[in-house]
Amino acid sequence: MIPSSSGAGDGATLKRKRVISTTRLSSFSDPPETLADDPPSPATPRPIPGGFNDAATADVLLRLEIEDSSSSSSSMDLHLHSSALRRCRYFATLLSDRWLPESPSPARLTLKVPSGRTFDPHLSALNLLYTLDFPSTLLSVSDALDLLPVALELLFDDLVRACVRFLEAVPWTDDEEDGVVALLPFLRHDESADLRARIHPEGPTSSEEMLHKLIYSAIHSHPKVANVKAFVAKLLRDYPSRDSVRRVLERAFLHRLATVKDLLGEYANPDFRVSGDNDETEAIQRLNLHGAVVNARHLLWLVERMIELRVGDTAVKEWSEQASLASDLQRTFRDDAWQNIAPGLSSLMMRCTCRLANAVAAGSILASRQVRMKLVKDWLPVLNVCRDIVSPMPSGHKMLYQELEETFLRIISTLPMSNAQELLQQCLSFSTRNVDDCPHLVSAFNTWFRRANRPAQDENKNNPS
């Protein structure tokens with residue numbers, strides 16, 4: 001049975017092909033012997049002279065009968081014309097000499113209506129065999145979903161095409177879309193290609209490609225970047241496949257990171273430094289720094305999304321392997337020229353570092369010992385340079401740098417004693433502001449010394465000899 005618009009059939013039903021079934025046809029060709037004596041249903045449609053339900057000219061008596069029903073209103077008798085009925089392949093076959101070799105006059109047929117349905121869709125479909133006026137009948141998605149199952153059962157190809165064409169062209173509610181999806185298995189691919197394309201992706205990665213393009217638009221080309229970023233962030237949060245979100249964010253992150261590295265590499269290249277008597281070179285260097293700031297801003301947004309969605313493992317690992325980028329940043333920040341061209345660059349790069357380091361320290365991203373050590377080892381010198389170059393330091397930068405100091409110290413506390421010893425020595429600059437203003441550094445050294453001075457017998461105290 002083809003599902004109605006109110007629900008889908010079972011798995012076996014969905015696999016049935018649209019072909020003429022001899023079993024189905026034979027069941028339709030055995031009308032009850034008392035058909036002519038039964039009183040007409042009170043819901044019988046008004047006759048149209050010479051047309052639909054005109055007893056005077058009809059040569060086919062069709063009984064519509066609801067399956068598994070004993071109600072007196074579960075059947076309806078119609079007077080129809082074989083010339084109209086033959087417009088659908090079902091009745092054309094049923095009325096052929098093969099099936100009715102000794103046809104009475106009028107031919108008597110029974111058409112079963114699935115239990116739970118009304119006669120209305122069948123009546124509309126039968127009337128359309130006379131009028132072929134599909135535009136006046138298909139006025140809503142509900143109309144098309146009600147008529148399409150009947151059209152498929154009767155092999156009424158013109159009505160099938162009209163329903164499919166209507167459904168493909170108009171919007172659906174979620175419930176209506178479920179109805180369309182339930183009917184797709186009964187439609188041939190050639191007649192429903194546009195409808196299927198609207199529902200099913202053309203390839204396995206089309207959804208991810210869409211997400212990637214949305215991210216690209218949000219961070220790169222849309223004029224109202226903040227609002228679009230907020231909207232795309234919500235789409236990413238609500239997207240059902242976390243693996244897909246991970247892949248598209250990692251792809252965007254790696255691209256932005258590579259762009260920042262290339263731009264800063266050009267700027268920090270000692271063979272291509274800003275020269276006061278070379279206007280062209282200076283213009284190129286300004287563009288490099290400006291591009292680095294723009295892409296660093298996008299990079300920060302991507303890092304925040306990855307941490308929020310707990311898919312930042314790759315970002316942390318990649319950030320820990322940026323020794324060359326860290327070196328280029330140190331060379332850049334030691335040159336006073338960058339502050340007049342891109343004063344926000346240091347803050348953006350340190351905020352990226354701080355977000356990733358905080359996620360590691362908090363345990364929301366579980367990084368290996370090697371990644372934790374390299375993250376601090378490569379980016380701690382950049383932090384030290386940033387702390388030393390700006391004077392007076394803006395309050396926002398001061399809070400950011402102090403937060404990153406504390407986070408690095410927390411990560412150092414997770415490392416083996418030998419690694420912690422090496423890195424803590426590079427943290428002495430944290431104390432240059434004021435001894436009383438660095439309790440985090442005092443605590444980190446106290447922790448290391450406490451562990452270093454722990455008696456060896458403590459470890460073997462409870463071990464069996």
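Start by selecting helix α7 (residues 141-154) and helix α8 (residues 157-169), and show their side chains. Keep in mind that you're looking at a predicted model. On the α7 side, Val141, Ala144, Leu145, Leu147, Leu148, Ala151 and Leu152 make the contacts. Their partners in α8 are Leu159, Val160, Cys163, Phe166 and Leu167.

Angles over 145 degrees count as roughly antiparallel, so that's the label α7 and α8 get. Turn the view a bit and check the crossing: α7 passes α8 in a left-handed way.

Next stop: select tryptophan 172 and arginine 198. What lies over the face of tryptophan 172? It's arginine 198, at 3.5 Å from the ring centre.

Time for some rings. A search of the whole structure turns up six aromatic pairs. Select tyrosine 90 and phenylalanine 91, one of those pairs: this one is edge-to-face, with 5.1 Å from centre to centre and 75 degrees between the planes. Are these two buried or exposed? Both tyrosine 90 and phenylalanine 91 are buried.

For a pair with another geometry, jump to phenylalanine 333 and tryptophan 338. Their ring centres are 4.8 Å apart and the planes sit at 50 degrees, so this pair is called tilted.

Note on methods:
Residues numbered from 1 in each chain as written. Predicted model: local features only at pLDDT ≥ 70, side-chain atom pairs only at ≥ 80, totals over all residues. Heavy atoms only, no water. Phe/Tyr/Trp six-rings, centres within 6.5 Å; stacked < 30°, edge-to-face > 60°. Buried < 20%, exposed > 50% of the residue type's maximum accessible area, 1.4 Å probe, protein only. Lys NZ or Arg CZ within 6 Å of the ring centre and 35° of its normal. Axes fitted to C-alpha atoms, helices over the stretch in contact; angles between N-to-C directions. Helix = DSSP H or I, 4+ residues; strand = E, 2+ residues; numbered from the N terminus. Parallel < 35°, antiparallel > 145°, perpendicular 65-115°, else oblique. Left-handed = near helix turned anticlockwise from the far one by under 90°. Contact = heavy atoms within 4.5 Å.
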